[in-house]
Amino acid sequence: MGTEDRGNPFRVLCIDGGGMRGIYSAAYLDVLASRYASIRKVEGLDLGKGFDLICGTSTGAILACALAWDISLDKVIELYRKKGVTIFPEKVPGSLWGLVSQWFRRRKLNERGAKGLEEALDAELKDVTVRDVWDQRGIGLAIPAVEMGRHRAWVFKTPHLPNSRDRDGGYTLTQVCLASTAAPIFRSMAWLPNFDTKGAHVFVDGGLWANNPVLVGLIDALEVTNKGDEIEIYCLGTCPPPSGDIITKEEDIHRGFREWRVGALAAGVGISAQQYAYDNMAIMIGRHVDRKVRIIRFPKGDVAGALLEHLDLDETRETSMEALISQAQTDAYQALSISGRSDDEDGKAIDSLFQSMPERKKKDK
């Protein structure tokens with residue numbers, strides 16, 4: 001594992017959380033992979049194999065596991081498009097009447113959503129375990145969650161670190177995704193029976209502490225590389241809306257259940273804050289280590305105003321899915337337009353990444 005294997009930098013992909021906006025991330029990568037396959041005149045690219053380590057939080061965990069096991073991005077997109085309404089049967093309410101109507105039903109709605117997600121994941125990931133990814137694909141995987149027994153951060157990992165002791169190897173990728181996506185209010189907690197001992201652990205969403213998992217990726221990369229190695233970390237967002245609130249009157253600071261949409265809107269604040277803060281912390285840390293570290297966030301650019309109504313974490317309307325896919329295609333082509341420019345360092349890095357990415361092998365039918 002690492003730079004000695006391919007002659008390339010040690011490459012890490014970190015995928016943010018963002019609920020149903022994960023369809024944007026999947027569509028964005030799908031366009032880039034398809035276009036570069038065409039440019040290189042090959043049948044397809046194995047995106048997972050393009051990285052030494054893949055980190056993903058919440059909805060990013062689904063995409064990370066799919067890439068690590070070489071699940072077609074078309075299937076991931078269809079999972080969001082077709083199963084989204086099963087995973088989020090009803091949106092978290094933003095009004096008093098909505099809150100009253102769900103007060104006694106929310107538990108059942110979350111239970112239905114968890115069951116729907118588990119079935120959708122099982123259909124694609126089967127019984128593949130964390131250890132299978134490492135043994136058969138040689139790709140490191142790191143998926144943040146929160147363990148409820150102690151309210152401690154937990155990162156499901158392949159045994160790519162010497163001191164990991166293969167703690168998580170027997171968990172299935174489906175279980176890992178259920179743990180990392182278990183957002184309070186939106187979804188049930190995840191009950192994961194221990195695979196090698198009695199008992200179980202209960203988990204909630206890794207987005208509570210690492211919605212942007214770039215620091216997880218950087219720390220693991222530093223652990224497995226050597227002095228003088230080069231590390232490239234590609235951070236993939238989920239089309240977050242423009243952040244910030246204009247609060248002009250002191251009395252407007254007294255927000256309650258309605259203004260915070262029973263807490264749901266606080267998740268969006270956390271996503272925006274973590275993306276900005278963690279990227280910058282990773283860049284600052286990278287300046288003080290004995291390796292060359294580059295942090296590259298893609299895509300870049302502002303979100304169109306017309307897209308704002310489609311960006312709720314639990315938004316499952318077909319029109320919203322199509323809007324996110326369309327935006328992903330636009331942003332991917334913008335990335336392609338700068339990837340060959342000699343004056344854009346990030347563009348050159350993205351071009352090098354996709355030009356050197358292994359071809360996708362044909363699977364036996």
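Strand β7 is mostly covered, with 6 of its 7 residues buried; buried means under 20% relative accessible area, exposed over 50% and partly exposed in between, using a 1.4 Å probe and protein chains only. The model is predicted, so local features need pLDDT of at least 70 and side-chain atom pairs count only at pLDDT 80 or more, while totals for chains, interfaces and linings use all residues. Residues are numbered from 1 along each chain as its sequence is written, and side-chain values use heavy atoms, with hydrogens and water left out.

Helices (H or I, at least four residues) and strands (E, at least two) are DSSP runs, numbered from the N terminus. Strand β7 spans residues 230-236 and pairs with β8 in the parallel sense over 7 bridges; two strands pair if DSSP finds at least two bridges between them. Within this pairing, Ile231 has Val293 of β8 as its bridge partner, and Glu232 stands opposite Arg294 of β8. Strand β8 covers residues 292-298, and because 6 of its 7 residues are buried, β8 is largely enclosed by the rest of the structure. Strand β7 also pairs with β1 (residues 10-15), again in the parallel sense, over 6 bridges. In that pairing Ile15 stands opposite Leu236 of β7.

The cysteines come next. A disulfide is counted when two cysteine sulfur atoms lie within 2.5 Å, and by this rule there are 0 disulfides. Cys14 is in no disulfide, the nearest cysteine sulfur being that of Cys55 at 4.2 Å. Cys14 counts as buried because its relative accessibility is 0%. For Cys239, the closest cysteine sulfur belongs to Cys235 and is 16 Å away, which is too far for a bond. Cys239 has 5% relative accessibility and therefore also counts as buried.

A buried charged residue lies elsewhere in the chain. Arg187 is found in the loop between α8 (173-180) and β5 (190-193). Lys and Arg count as positive and Asp and Glu as negative, whereas His and the chain ends are not counted. Arg187 is buried yet has no salt bridge, and the nearest side chain of opposite charge, that of Asp205, is 7.7 Å away; a salt bridge requires a side-chain nitrogen of Lys or Arg within 4 Å of a carboxyl oxygen of Asp or Glu. The side chain of Arg187 does make a polar contact with the side chain of Thr181, at 2.8 Å. A polar contact is a pair of N or O atoms within 3.5 Å; within protein, one must be able to donate a hydrogen and the other to accept it, and residues adjacent in sequence count only if both atoms are side-chain atoms. Leaving aside neighbours within four places in sequence, Arg187 is in contact (heavy atoms within 4.5 Å) with residues including Ile87, Phe88, Asn110 and Leu178.
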